[in-house]
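Dear colleague,

My notes on its aromatic pairs, nonpolar cores and helix packing follow it.

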Amino acid sequence: MSEMTSTPADLPVLATVACPCCGVVVPDARFCGACGAHLVHGGRRASQRLHAYAAFPDEPVFRLSVVTSIFPHLSHRAKAPFRIAFAVIVVLLLIFSLAGTAAPLIAVSALSVPLLFGLYIWEVDPYEGSFLPPTFLCLLLGAGLGAGWAIVGGSYVDKALIPSLNPSLTSHSALVAAIAVPAIGQLLATVPMVVARAFQRGRIESLDGFVAGATGALGFTLAATIDLMSPWLSNGQLTHQSFLANITQVILRGVALPLVTALATGFIGMAFWTKSGGRATSARGVWLTSPASALALALLVQVGLGFTDIAALSDAVLIGIHVAALGLLTLAMRVGLHYVLLHEALDVTIGAPRVCPNCSHLVPAMAFCPQCGVADRAVARPHRLGATWPLINGITSPGESPTDPEAPSSGTQWPSAPPGARGLKVGFPGAHELASPTHRVSHRTKVLVVVGGLGLLTVTLIVVALLATPGPAPSCSPLTCQGPPIGHLGQQQGAAGPSETSSILYKNSKGFSLRYPPQPEVQKGSGGIDLTYDYVKGGVSSLDVVGGSADGATAETAVENVAASEFPDTPPTYELPDPWVGYQPAYGAAYSVQPASANGSTQTDQVVVVASVKNGFAIVVLEEGALLPTVTSTSPFFNGHPSPARVNMAYGFGDFIVNRIRFPTRSP
């Protein structure tokens, strides 16, 4: 539109029609301005308009688009910068994963999505000029809860992720890690938005709840991710892991976790705001907008991912399931938001002329743009105020106030004709030159904020790594060095172990037996026994022993089968030189295992697997514990028995137990 008229009365009279879906008299255009139905289509398809998402009508509802799902207030022209930003984040994660640099990986994983969401809030200003207090409230409260829960819940997940020869998804530790930890974490992530709702005043809109819920959730994941990935910093500036291991960790923690949690909690917040809004709408009376249904979906997805993380799946399968969960939540949120926007409309009158922020056409202000169909509630409040008469093109009508665009005055309404009379129909004039700016924040400022935020956190983490990393290890061959000072809690036990008389005898129904020192945590099964000891330094270390028919397998095959089952993508660090099990020749290998999960830490475990076969009967031993640093032979408890195992059990009671394993006297 090259020229603006001075008053709405100078505009052409609109042709009107009674909407076949809602019965309201609306402009004869592509979309019903009252209910959003697509008038070009007929029947039920017109009212449901699944082909035209209410927040972005150029997209179908069932579309896997992260940007238009997590940033629903963005204008059509503002999507590109955020899509580019997401692409840059993925590229950075790939580059840093290939380089194996710990601090940048942690910074990008933890801060990227929260930082982009903060820029989105700054861009659209959903709280009408006062976005800082509610944003910081949700972000800081979420960060405090996330840091605390990562410390508490992460330890339970780490315990469930320990490789075992008797794995079970129904054990107590597995159920706590897969159900309690993610479920409680999801509930804690909703606390900030509940607090924010208690302080919110003024008009209540469903998308306010989405923003509050997502903000608190991203604060939660930001703090939790930094805490759970901090073990990488104790190893220096590098992760010392393969590219596949690095990229799996950062996709789970830097992409899937924040987006899944933000979408799930935002969906809950949207439903909560819809039910608790001051003005009742038809969006309240359906299960799609029930906070209980949204919470149940969030818990179901989180618990499902919890079981996925502890199921010892390959990295590719693990990534696939997390991405599928993200896709499921994306579609669920879009369906819920689409329904809410279609049923949240409060005003059905033909209002004042304004420039649609989505399509840049001059249209009457209504619940939906008659030209493109975008929902008015999906447009950021500043864009609504800046494009509505009497402020449009700098013209102000006497006595008019733009403070409440939802209650237009009859004096500024676009003139319309009765249904059936002649008038302007279907097409509205373009007004691109009068459209409000596509962004409040310049692209240069966005780049500076993202680069500055990620750079500041990266530098901080580098300094932490320098302060936390121990000095360089002494130069020595692995087979001439001994492990660090250890010892059973309350004792000063040497590596030789206890006396024969103080040990405990274990006999398995399959015929093999062993002896073990007292005071472990013991778990027995039909196949064998699990022994866990808590050492003074180095923490908990465990030893599992199982036995059964070899079924023609060799000792080497048995070790490889265990590795493929428990940590399928981890190559062996080294092969044990001439190992023995019960004084029988064996085969063994050591692995540096770092289980990938969204709720566990990045701590590296050292796992030693040894197997021996005698008369067709196979016995497999698995020793596990935190990866320990190599020290010199002057360390306490050095007994002249060098070992490169770097795990407490191998330096402590491991030899005592393994040497006292006895094979069955008869063949199976």
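F71 is buried, with a relative accessible area of 1%; buried here means under 20% relative accessible area, exposed over 50% and partly exposed in between, with a 1.4 Å probe and protein chains only. The model is a predicted one: local features need pLDDT of at least 70, side-chain atom pairs count only at pLDDT 80 or more, and totals for chains, interfaces and linings use all residues. Residues are numbered from 1 along each chain as its sequence is written, and side-chain values use heavy atoms, with hydrogens and water left out.

Aromatic pairs

A search of the whole structure gives 10 aromatic pairs. Rings of Phe, Tyr and Trp (its six-membered ring) pair if their centres lie within 6.5 Å; planes under 30 degrees apart are stacked, over 60 edge-to-face, and the rest tilted. F71 and F82 form a tilted pair, at 5.0 Å centre to centre and 55° between the planes. This pair links distant parts of the chain, 11 residues apart: F71 is in the loop between α2 (66–70) and α3 (79–99), and F82 is in helix α3. Helices (H or I, at least four residues) and strands (E, at least two) are DSSP runs, numbered from the N terminus. F82 is buried as well, with a relative accessible area of 2%.

A further pair is that of F512 and F617, whose ring centres are 6.1 Å apart with the planes at 50°, so this pair is tilted. F512 lies in the loop between β5 (504–507) and β6 (513–516), while F617 belongs to strand β15 (residues 617–626), 105 residues apart. F512 is buried at a relative accessible area of 1%, and F617 is buried at 3%.

One aromatic cluster is made up of F71, F82, F86, F117 and Y120.

Charges over rings

A charge sits over a ring if NZ of Lys or CZ of Arg is within 6 Å of the ring centre and within 35 degrees of the ring normal. The charged end of R334 is placed over the ring of Y53, 4.1 Å from its centre. R197 lies over the face of W273, at 5.8 Å from the ring centre.

Nonpolar cores

A nonpolar core is a set of buried Ala, Val, Leu, Ile, Met, Phe, Trp, Tyr and Cys residues joined through side-chain atoms within 4.5 Å. The largest has 77 residues, of which I70, F71, L74, F117 and Y120 touch the most other members. Helix α4 (residues 102–124) supplies the largest share of this core, 15 residues. Contact means heavy atoms within 4.5 Å. Leaving aside neighbours within four places in sequence, F117 is in contact with I70, F71, V211, A214, T215 and L218. A second, separate core of 28 residues includes Y506, F512, L543 and V658.

Helix α7

Which residues of helix α7 (residues 191–199) are buried? They are P192, M193, A196 and R197. These residues cover an arc of only 140° around the axis, which puts them on the same side of α7; the arc is that of the directions from the helix axis to the C-beta atoms. The buried residues of α7 pack against α5 (132–160), α6 (172–189), α8 (206–229) and α9 (243–276).

Overall figures

The protein has 16 helices and 15 strands. Of its 668 residues, 53% count as buried.

Yours sincerely
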